[in-house]
Amino acid sequence: MTENEFDKLWQQAEVESYSQRLAAEYPGWRRKQQRTIGMVTASLAVVALLVLVAQLQQPQDFEKVYCNRVGTTDAQWASLAAEILME
């Protein structure tokens, strides 16, 4: 057996043992990866839900009213709008 043939056999044996180890560890790695992806997705969904709930719970006071009439104050327009909305 030549030195070149020996090197090829040695490399082949290394590759086979390495590939067997990778194949044996793959299912555990895949489960861990899926669990991590699931946790990240769930966390993002919870954050999005909390942001949405926070926005819906904020009172929407319309204290500024824009009108081209100069003699009417913002408070008068706001009370008028509140009365209209309540009816």
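## A charged pair in helix α1

Arginine 21 and glutamate 25 stand four residues apart in helix α1, so about one helical turn separates them. In this predicted model, the two residues form a salt bridge in which the closest N and O atoms are 3.8 Å apart. Because the criterion asks for a side-chain nitrogen of Lys or Arg within 4 Å of a carboxyl oxygen of Asp or Glu, the pair of arginine 21 and glutamate 25, at 3.8 Å, qualifies. The count by this rule comes to one salt bridge.

As for solvent accessibility, arginine 21 has a relative accessible area of 43% and is therefore partly exposed, while glutamate 25, with a relative accessibility of 45%, counts as partly exposed. In general terms, side chains of opposite charge can pair when their charged atoms come close.

## Aromatic pairs

Two aromatic pairs are present in the structure. One of them joins tyrosine 26 and tryptophan 29, with 5.7 Å from centre to centre and 35° between the planes, a geometry classed as tilted. The label follows because planes under 30 degrees apart count as stacked and those over 60 as edge-to-face, the rest being tilted.

Tyrosine 26 and tryptophan 29 are three residues apart in helix α1, which means that about one helical turn lies between them. Tyrosine 26 is partly exposed at 44% relative accessibility, and tryptophan 29 is partly exposed as well, its relative accessible area being 48%.

## A nonpolar patch on the surface

Met1, Phe6, Leu9 and Trp10 make up a nonpolar patch on the surface, and together these residues have about 510 Å² of accessible area. Methionine 1 belongs to the segment before α1, whereas leucine 9 is located within helix α1, which covers residues 3-57.

With a relative accessible area of 72%, methionine 1 is exposed, and leucine 9, at 46% relative accessibility, counts as partly exposed. These two classes differ because exposed means over 50% relative accessible area, buried means under 20%, and partly exposed covers the range in between. When neighbours within four places in sequence are set aside, methionine 1 is in contact with Phe6 and Leu9, both of which are members of the patch.

## The chain as a whole

The secondary structure of the protein chain consists of two helices and zero strands. Of the 87 residues in the protein chain, 1% are buried. The chain exposes about 8,500 Å², and carbon and sulfur atoms supply 61% of that area.

Conventions. Residues are numbered from 1 along each chain as its sequence is written. This is a predicted model: local features need pLDDT of at least 70, side-chain atom pairs count only at pLDDT 80 or more; totals for chains, interfaces and linings use all residues. Side-chain values use heavy atoms; hydrogens and water are left out. Patches are made of residues with over 30% relative accessible area and no salt bridge: like charges are joined within 9 Å, nonpolar side chains (Val, Leu, Ile, Met, Phe, Trp, Tyr) within 5 Å. Accessible areas come from the Shrake-Rupley method with a 1.4 Å probe; for residues, only the protein chains shown count as cover. Buried means under 20% relative accessible area, exposed over 50%, partly exposed in between (1.4 Å probe, protein chains only). Rings of Phe, Tyr and Trp (its six-membered ring) pair if their centres lie within 6.5 Å; planes under 30 degrees apart count as stacked, over 60 as edge-to-face and the rest as tilted. Contact means heavy atoms within 4.5 Å.
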